[in-house]
Amino acid sequence: MTSRSQMDISPGIWSFRRLLASIGRRLFGTLVRVETTEPLVALTFDDGPHPVYTSQILELCNVAQARATFFVIGKHAVAHRDIVRRIGAEGHAIGNHTFTHIRMPQTQRWRRWQELWQTQQVLLPYRVRLFRPPYGGQSYGSRFDTLLFGYEVVAWTFHIEDWVHQPAEQLATRLVEQIRPGSIVLLHDRLVNPRDPNAADRSNLVSALAMVLPTLSRKYRFVTIPELIHAGKPVRVPWFRPAL
């Protein structure tokens, strides 16, 4: 039921409020998916690059004619510049995932700026203005910092808990069951500080992707985050929570 106070508000004020809400979502919202009628999906990989597993994933993407987005850690990018160059050369997008994988909400502002800036310099000229907070942690303060740096903050639509050791078949099944047009999928080509030591071995994830990518690529087209954004209506939501 509409309250009297709501009825007293003019259509002009409601329009203005909707405009402010839209601007707020664009500036401070976090991207979680894209509404699109096209069969497009964005695979994203965090924490790399890894000297073995990232290259294996790139090979699978080449075979499936898939493009992905890699949110890399600055110190890993420094150690494996050749892989970063390959990621960019093969048409994938590269985003910022901080230099040392800090927990953004619990870190002082000067350090957050340092982490963003250092990684940004390492990724030139390959990086785009995309950022994913480590552990999915974000506060109002850290979101404001990424806004100052001009980043689109990207979360995810779903994950398959690939940070927990699972058989390749189980990972593959979870991916197939959840994938939808416009999805942003959280995966890891490397794990920083894995809570499950057995999960540091990414072989099962690589095997899972090898199982499903050939089939899924006949139904979906795997694109980068910038390509997905331009193909539909980005869905941005308030995403303020402590690091997992």
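**Close-up views of a predicted model**

View 1. Setting aside residues up to four places away in sequence, Thr69 touches Leu43, Thr44, Phe45, Ala93, Leu130, Thr224 and Ile225. Thr69 belongs to strand E3, which covers residues 68-72. Because its relative accessibility is 0%, Thr69 counts as buried.

**View 2. The largest nonpolar core.** In soluble globular proteins, nonpolar side chains tend to be buried together. The largest nonpolar core here has 38 residues, and those touching the most other members are Leu43, Phe45, Phe70, Leu175, Leu187, Leu209 and Phe222. At least two residues of this core come from each of several elements, including strand E2 (40-46), helix H3 (53-64), helix H8 (168-178) and helix H9 (203-216). Helix H9 supplies the largest share, seven residues. Apart from this core lies another one, of 21 residues, among them Leu31, Phe71, Ala199 and Leu228.

**View 3. Contacts of Leu175.** Neighbours within four places in sequence are left aside in this view. Leu175 is then in contact with Phe158, Ile160, Val185, Leu209, Val212 and Leu216.

View 4. Trp113 is located in helix H6. With a relative accessibility of 38%, Trp113 counts as partly exposed.

**View 5. The salt bridge between Arg236 and Glu152.** Side chains of opposite charge can pair when their charged atoms come close. The structure holds 11 salt bridges. In the one between Arg236 and Glu152, the closest N and O atoms are 2.9 Å apart. This pair links distant parts of the chain, 84 residues apart: Arg236 is in strand E10 (residues 233-237) and Glu152 in strand E6 (residues 152-153). Arg236 is buried, at 13% relative accessible area, and Glu152 is buried, at 10%.

View 6. Arg174 lies in helix H8 and Glu161 in the loop between strand E7 (158-159) and H8, so the pair ties together parts that are 13 residues apart in sequence. Arg174 is partly exposed, with a relative accessible area of 22%, and Glu161 is partly exposed, with 30%.

Technical notes: Residues numbered from 1 in each chain as written. Predicted model: local features only at pLDDT ≥ 70, side-chain atom pairs only at ≥ 80, totals over all residues. Heavy atoms only, no water. Helix = DSSP H or I, 4+ residues; strand = E, 2+ residues; numbered from the N terminus. Buried < 20%, exposed > 50% of the residue type's maximum accessible area, 1.4 Å probe, protein only. Contact = heavy atoms within 4.5 Å. Core = buried A, V, L, I, M, F, W, Y, C linked by side-chain atoms within 4.5 Å. Salt bridge = Lys/Arg side-chain N within 4 Å of Asp/Glu carboxyl O.
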